[in-house]
Amino acid sequence: MDKILFTHSYFLRFDPKQWATGQPYPPLATIGAAALLREQRYKVSLFDVMFVENPDEVVKMLAADRPDFFVVYDDGFNYLTKMCLTNMREAAFRMIHLARQYGCTVIVSSSDSTDHYGEYLQKGADFVLLGEGEQTLSELVNGIRDGMQEFSSIRGLAYLQNGLPLKTPARSVMRDLDALPMPAWDLVDITPYRAMQMEHHGYFSLNVSTTRGCPFKCNWCAKPIYGNRYNARSPRHVVRELKWLKETYGFDHIWFCDDIFGLKPGWVNEFADQVENEGLRFKFKIQSRADLLLQENYVEALARAGCDNSWMGAESGSQHILDAMDKGTTVEQIYESTLLLREHGIRPSFFIQFGYPGETKEDIRKTVRMINHLLPDSLGISVSYPLPGTVFYENVKAGMKEKQNWTDSDELRIMFKNSYHPAFYKLLHRYVHKSYRWHLALEQIKKMITRPAAIRWQSLRRAASIAWYAPAALLDRIKLLRLEKLSQ
């Protein structure tokens, strides 16, 4: 009982929008769990489904490896897995079924299985790990190997007892993250990741996690794996991994995939010191908050360490909506932090969310005006998406229909009764992007007029795009007005 085949359930090919984006990242949490079990002398292998076309392809590894345990361990650091997409759920169910046919003990750890553990157990999983999974997985496989028959003493676990799902008490999250081994990067075939990223973006990026959890209480944000506790690796520990990754894979860029980067006071300054001391040179992107970016020396230290892009959970340009979300930030902080980032040469990018309950036409206008005024470097627009375990979900579940998860990340369907028809929000997504591109082109024209000597071919192309985006945005705006009237 010492062979473990790890996999995850994020099939990039099943998410057309992300496949077209062409920036896949290795399953970080998966290879992290594999590293821990390998440290305990288990023979681990990986079936990486990122580029796989069909879940049935797992049969080849099941037949070749004959593992004792089959572990579907999703990458909880990747926000795409937190969306609990039904395409990925069905693929996980299929792999569970196939692994059972090969006599494996099947264990699942994911945001979706934590929310729907009963369904996963009914589909054939022997155990579902609830919350942070490494310690529970270790205790479970060690127990099974040693002949354990009764599992109620293992915290953070769900399994069937007499045909009914049983949950054990929750396990506390880990505090000493430096005690974990470095992820088992050697299990991943890096070649297709590098190739796709170079083709689409011209540089190679890897993902690294420095923290777990988020202490803020945004009421729509689901945290089924790491919860509200916030724990961080030491800057020295992170830089040691970065140095190894640079020497081994020669990355150009890093995505720090933490929900919130560098929240611990002084952490970013110490990290920048460590990066400089080791002579590391690389660019990276983070996810942060408007208020955190305004802390003393925070942005300056980010720039010193190599940050070139900060994704901010702006969400809305309406204070009314930010307050309803329990966001804890202000519109003024979004404006101020955006300007501060630009002063230090860091590109600001926004996450925006439409369709939150109570959002009015004026709230939408304020958000669009904010986007077109600040013109972030990149824009990620979604609609409010209720997931179990959130205050938001509890508030809207009575008005939800049978479908409660998107099929893929581009579905953008409002799944609860709201002010406007679902088609309105789909069109709003297109309109805001076109309006944003229109204003980017307009800004480029202004720069060309004031600084003609700086004109380049790329700036000419951006300026010329106004001929498409301006009328296209106006046309979508007319369509939005029609859908708005139909919703009333």
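A: Buried means under 20% relative accessible area, exposed means over 50%, and partly exposed is in between, with a 1.4 Å probe and protein chains only. By that scale N297 is partly exposed, with a relative accessible area of 37%.

Q: What kind of model is it, and how are residues numbered?
A: It is a predicted model: local features need pLDDT of at least 70, side-chain atom pairs count only at pLDDT 80 or more, and totals for chains, interfaces and linings use all residues. Residues are numbered from 1 along each chain as its sequence is written, and side-chain values use heavy atoms, with hydrogens and water left out.

Q: Back to N297. Where does N297 lie?
A: In the loop between α11 (290-293) and α12 (298-305). Helices here are DSSP runs of H or I with at least four residues, strands are runs of E with at least two, and both are numbered from the N terminus. Phi of N297 is near 70 degrees, a positive value in a residue other than glycine.

Q: And E315, buried or exposed?
A: Buried, with a relative accessible area of 6%. E315 sits in strand β13 (residues 307-315). Its phi is also positive, near 70 degrees, and E315 is not a glycine.

Q: Helices next. Which helix does α10 pack with at about 20 degrees?
A: α12. Helix α10 (residues 267-278) has its axis 8 Å from that of α12. That makes α10 roughly parallel to α12. Axes are lines fitted to C-alpha atoms, for helices over the stretch in contact, and angles run from 0 to 180 degrees between N-to-C directions. Under 35 degrees counts as roughly parallel, over 145 as roughly antiparallel, 65 to 115 as roughly perpendicular, and the rest as oblique.

Q: What is the handedness of the α10 and α12 crossing?
A: α10 passes α12 in a left-handed crossing. Left-handed means that the near helix is turned anticlockwise from the far one by less than a right angle; right-handed means clockwise.

Q: Which residues make the contact?
A: From α10, V268, N269, F271, A272, D273, V275 and E276; from α12, Y298, A301, L302, R304 and A305. Contact means heavy atoms within 4.5 Å. The residues of this α10 and α12 contact divide into 8 nonpolar, 1 polar and 3 charged. Ala, Val, Leu, Ile, Met, Phe, Trp, Tyr, Cys and Pro count as nonpolar, Asp, Glu, Lys and Arg as charged, and the others, Gly among them, as polar.

Q: What else does F271 touch?
A: Its contacts are P235, V238, V239, L242, F256, F261, F282, F284 and A305, not counting residues up to four places away in sequence. The largest nonpolar core has 158 residues, and F6, F256, F271 and F284 touch the most other members. Such a core is a set of buried Ala, Val, Leu, Ile, Met, Phe, Trp, Tyr and Cys residues joined through side-chain atoms within 4.5 Å.

Q: How do α2 and α7 pack?
A: Helix α2 (residues 28-39) and helix α7 (residues 134-145) pack at about 40 degrees, with axes 10 Å apart. They are therefore oblique to each other. The crossing of α2 past α7 is right-handed. A33, L36 and L37 in α2 meet E134, Q135, L137, S138 and V141 in α7. By class, that contact of α2 with α7 has 5 nonpolar, 2 polar and 1 charged residues.

Q: And α18 with α19?
A: Helix α18 (residues 457-464) and helix α19 (residues 466-487) pack at about 25 degrees, with axes 5 Å apart. α18 and α19 are therefore roughly parallel. R462, A463 and A464 of α18 meet I466, A467 and W468 of α19.

Q: Switching to single residues. Where is S109?
A: In strand β4 (residues 105-109). S109 counts as buried at 4% relative accessibility. S109 and I225 are 116 residues apart in sequence and 8.8 Å apart in space, C-alpha to C-alpha.

Q: What about W244, which helix?
A: W244 is in helix α9 (residues 235-249). At 32% relative accessibility, W244 counts as partly exposed. Leaving out residues up to four places away in sequence, W244 touches M182, W185 and Y249.
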